[in-house]
Number of protein chains: 2
Amino acid sequence: MASTESSPVSPQHIVIVGAGFGGLYAAKALSQDPAFRVTVIDKRNYHLFQPLLYQVATGKLAPSDIATPIRHVLRRRPNVRVVQGAAVDLDPVARKVILNGGAEIGYDILLAATGVKHSYFGNDAWREDAPGLKTVEHALEMRQRIFSAFEAAELSQDPAEQARLMTFVVVGGGPTGVELAGAIGELAQHTLKDEFHHIDTRRTRIVLAEGAPQVLSSYPADLAAAAERSLKKLGVEVLTRTLVTHIDADGVRLKVPDGTEQVVEASTVLWAAGVRASRFGQALANRVQCTLDRAGKVEVNADLSLPAHPEIFVIGDLAHYAPDGAAALPGVAPVAMQQGAYVARLLKARQRGRSLASFRYRNQGSMAVIGRHAAVGDLRFMHVTGITAWYLWVLVHMMGLIEFGNRVVVMTRWAWNYLTRNSGSRLITSVPEARTGHAGRAHRSRD
Amino acid sequence: MASTESSPVSPQHIVIVGAGFGGLYAAKALSQDPAFRVTVIDKRNYHLFQPLLYQVATGKLAPSDIATPIRHVLRRRPNVRVVQGAAVDLDPVARKVILNGGAEIGYDILLAATGVKHSYFGNDAWREDAPGLKTVEHALEMRQRIFSAFEAAELSQDPAEQARLMTFVVVGGGPTGVELAGAIGELAQHTLKDEFHHIDTRRTRIVLAEGAPQVLSSYPADLAAAAERSLKKLGVEVLTRTLVTHIDADGVRLKVPDGTEQVVEASTVLWAAGVRASRFGQALANRVQCTLDRAGKVEVNADLSLPAHPEIFVIGDLAHYAPDGAAALPGVAPVAMQQGAYVARLLKARQRGRSLASFRYRNQGSMAVIGRHAAVGDLRFMHVTGITAWYLWVLVHMMGLIEFGNRVVVMTRWAWNYLTRNSGSRLITSVPEARTGHAGRAHRSRD
C-alpha cells in the first residue's frame, strides 16, 4: 500500500499510436516517471529506422539490421506496455482508441504518431509498376525487382529487351530518390560488375526524374549541384524540371523542360515522389474538429495538440506544424524526435500545474548520401560534401541505430560491405501481395 | 587463336541444376579446369545454408546471414555461368534442359541436384496450418507465426485462448524438429521473458511429437536421451511413439503409445516430419529410364550416374544411393558435398580416359543443437554432449558458412546474440502466399 500513499493519484494513461521516431521518443521520455503509464500501439512488432530503408532496397543491409522489436527497445520499463495492433478509430468522448478487430484501449492523453505512406498523387494505377519505399515489404519488393532485372537481362538474347531490363527510373529527386539512384549506380558500377558473363552491368541506365529545378530541392543550390555531380559519376542521368506523365509495365513517359514528351523504356520504375498521411489522420478528422492539409496531415496547435482537444497530440510526419503562417516542418526524423520529447516535457509540466512555451524546431541540418564516400550535408553553419560528408553521415546514422537498440553487428556489416564493396543482402525472395512485374515473374515458384 | 591450339577439343559443357551443397561443390571443383565449361541453374539467386534455417525461423539470424548470392560464390570463375531459372524438364536425346518459360540449355553432362521439399505424407490439407521449413519464405512464415502468437496472447483476455496461443507443437523429432523445439524453448525461457507484461512467456507449452521410440532416431540412444534431457530443461514436452492423426487451425490430434487419441489445442503447429523429392526427379523419370523410391528420389548407380545414361548424374538429397542393398544415405549436407566432389573427380578422370572406383560416403559424424550450450554430437569415435558439443557445432557451422561465402558479420551476430541471449531478427513481416493463420491475420495490413 506504500505505493498508493506515495502516489495518491493513479498514473495518467498516455496512449501512443505509432512506434516511429516520434512515438518512441515520447515513450522513452515518459517511461521513467511514475506519474505516467504508457501504452504504445503499433501494427508492426518493430521500430523501423526508415532513413536507411533504401539500403535494404538495394541489398546493402538486411531488414533486421534496421528494424528492432519495439518490446526490445522498451524492455524493462514497467510502466510501458506494448500492444501490437492497428489503431483504426477513436472515441474522443469516451477517450478510447479502437483497434482493428474491435479491441478498445482507453486513454487520458492520446499521442498520434502514425506517420505517412507513399502516394501517387491520384495515379493509383502506377502503384503496380512503380513500388514506393515506406515499409520493409516495399524495400524487399524493390530489392527483388532490381536484382531480378539484372538476372533476366543476363538471360535475355534480345538486345532491346536487355536494354529495357537494364534501365532503372527513379521518380522523385528528394533524399530518398537521390539515395536510391546513387545506390543502384554503386551496384551497377562496382558491386555487380564481375558477376555476370553476358551483360556489362556498368552499361546500366539509371534515370532520376525530378520536377523541381534541382534535386534535393530543400537543400542549398551548391549542395544540390554537388549531389548531381556525384550521381553523374555513378552513371545516373539527372533530369530536373521533368514530370512523369505515365507509368506502366513498359516504362515511363516524361515531360521534359522543352515541353515535349519522352518515353523511357524501363523494366524497373521506383517511386520516391510523394507521401500522404496514414489513415489514422482521417480517423481523427472524422471524430474531432481538426483540419487536414492537402496531404492529409493534421494541422496542430503551437503545442502540438488539437484545437479544443488539449488531450490529443499529433506529432511527426502525421502533423502539419506551421505556426504563424511559416512553412510546414519537413517530414524528417529529427522533427519527430524533437516533437515526441516536447510532448513528454509538456505533459510533465502540466502535472506540476505549469505550462510550456510553444514547440520550436531546432534544425541541426540535413544530409543525404549518394554513394560510397559521396554525400552532402547542410550543417547550417557550413556545407560539406564528398568523403567528409559521407563519414559524418555514417557517424550520425550509426548513433541513431544504436540509440534505437540496433546492434553492434550492423556496424560490422557496414564496415565490411563498404570495405569490400560487397552487397550482402541481395536475396530475391518472394514478397507479399507480389506484383507481377515481368522481371520477377519467373522466380516465384516455390517447388 | 593460341587458346584453340592449346585445347583443340572444345570444353565439355557440364550443366548443374541446383546450387545447394552438392551442386556448388561440383561447380567449384570443375571451375578451374579448362577442359570444362559449367552452367549452374537455380531458381533462386542465392545458395541457402539450410542447416541453419531454423535459426531464421526463430529470429536468431536474418535470411541474408545464411544465404549468399550464387554469383558471389562463383565470381571470378570465367568458365562458370550462372542462370537464374527453374529447370522443369529435359530432352535426353537432344541433351537439353528446359527452363520454365521455354528457354533451353544444352549439355554434354547433366548433374541434377535439386534436393527435396517437405511433404505431408498425403495430408496436403495440413500445409495450411503446419508450415514446413525448406525455404527462406517458409522460415519467415514460421517466424511470423511464432512471434505473432506471443503478441496475440499478450492482448488476449481469455485464459483458454491465451493458453492455445502459447502452445506450440512441433511435428517430427529429427534434427530439424529438435532444433526448432529447442530454439522456441530458448525464446520462451530466456529471450522474451522480460518483454511482456500480461503473459509469462516461461509458461509457454512446447510439444515435440515423434513417431519413433526416440528423438533423433538416426543417433545412438545415449545421445538421443541427452537431447531429450536438454529439451526438457527448456520446457519442451517430448512425446515419442506418438503419431499425428489430424491438424487444423485449432491444433493437433495425437495418437499416443497407449493407443488413445489426445487433442492438443495450439495456435502454432510446425512441420518437421517428412520430405519428398523436388519435381525435377519426376521430370527425369518421365524422360529417361530410372527408378524413383517412395519419396520420389532417383535411384542411382554406384558412380551416381543413371542406368544407361552415363552422361546424367543425380546427387545430394535428390539421389537415392544404396549400392549392394545397403541402407540409403541420409539427406544431409556432407553427403551432397562429397557426391558433388566425387562427380567432379569422375569427370576429370574420364577426360583422361580413366575410370574411378564407386562413390563411398565417409561419415564424419553428425550433430544437433538444442539450445545455448546444449548440443549432441556423434563423432563416430566418440559421443559428445553439452557445452563441448555446442562449441564444436558452432565451429563446424561457422566453417561451413565461411566456405560458402557468408561473411564475418554472421559470426559477430552469433557471438553477440549468444552473449546477450538476444534475438535480433524477429520481425513479423508479411510473407508470400500468406496463409491465414489466425495469429498472424491482424498484422498484414499495409496501410
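**Helix packing, strand pairing and burial in the predicted model**

In chain A, helices H7(A) and H8(A) are roughly parallel to each other, an angle under 35 degrees being counted as roughly parallel, over 145 as roughly antiparallel, 65 to 115 as roughly perpendicular and the rest as oblique. The structure is a predicted model, in which local features need pLDDT of at least 70 and side-chain atom pairs count only at pLDDT 80 or more, while totals for chains, interfaces and linings use all residues. Residues are numbered from 1 along each chain as its sequence is written, and chains are lettered from A and ligands numbered from 1 in the order in which they are written.

Helix H7 spans residues 175-191 of chain A and helix H8 residues 221-233; their axes come within 9 Å and cross at roughly 25°. Axes are lines fitted to C-alpha atoms, for helices over the stretch in contact, and angles run from 0 to 180 degrees between N-to-C directions. Helices (H or I, at least four residues) and strands (E, at least two) are DSSP runs, numbered from the N terminus. The crossing of H7(A) past H8(A) is left-handed, meaning that the near helix is turned anticlockwise from the far one by less than a right angle, whereas clockwise gives a right-handed crossing. On the H7(A) side, Val178(A), Ala181(A), Gly182(A) and Gly185(A) meet Ala227(A), Ser230(A) and Leu231(A) of H8(A), residues being in contact if their C-beta atoms, placed from the backbone, lie within 7 Å. By class, the residues of this contact are four nonpolar, three polar and no charged; Ala, Val, Leu, Ile, Met, Phe, Trp, Tyr, Cys and Pro count as nonpolar, Asp, Glu, Lys and Arg as charged, and the others, Gly among them, as polar.

In chain B, helix H2 (residues 21-31) is mostly covered, with eight of its 11 residues buried. A residue is buried if 20 or more other C-beta atoms lie within 10 Å of its own, exposed if 12 or fewer, and partly exposed in between, with C-beta atoms placed from the backbone. Among the buried residues of H2(B) are Phe21(B), Leu24(B), Tyr25(B) and Leu30(B). The axis of H2(B) comes within 7 Å of that of helix H10 (residues 333-351) of chain B, and the two cross at roughly 30°; H2(B) and H10(B) are therefore roughly parallel to each other. Their crossing is right-handed. The contact of H2(B) with H10(B) comprises 12 nonpolar, four polar and no charged residues.

Strand E17 (residues 268-271) of chain B is covered on both faces: Thr268(B) and Leu270(B) on one side, and Val269(B) and Trp271(B) on the other, are all buried. E17(B) runs parallel to strand E11 (residues 167-171) of chain B, to which four bridges join it; Val169(B) stands opposite Val269(B).

A separate open sheet of chain B has three strands in the order E23-E24-E25, with antiparallel pairing, where strands pair if DSSP finds at least two bridges between them. Its edge strands are E23 (366-371) and E25 (383-385), each pairing on one side only. The twist averages 10° from one strand to the next. Five bridges link E23(B) to strand E24 (residues 374-378), and Met367(B) has Gly377(B) as its bridge partner in E24(B).

Thr58(B) lies in the loop between helix H3 (53-57) and strand E4 (67-69) of chain B. Thr58(B) is buried, with 26 other C-beta atoms within 10 Å.

Methods:
Contact = placed C-beta atoms within 7 Å.
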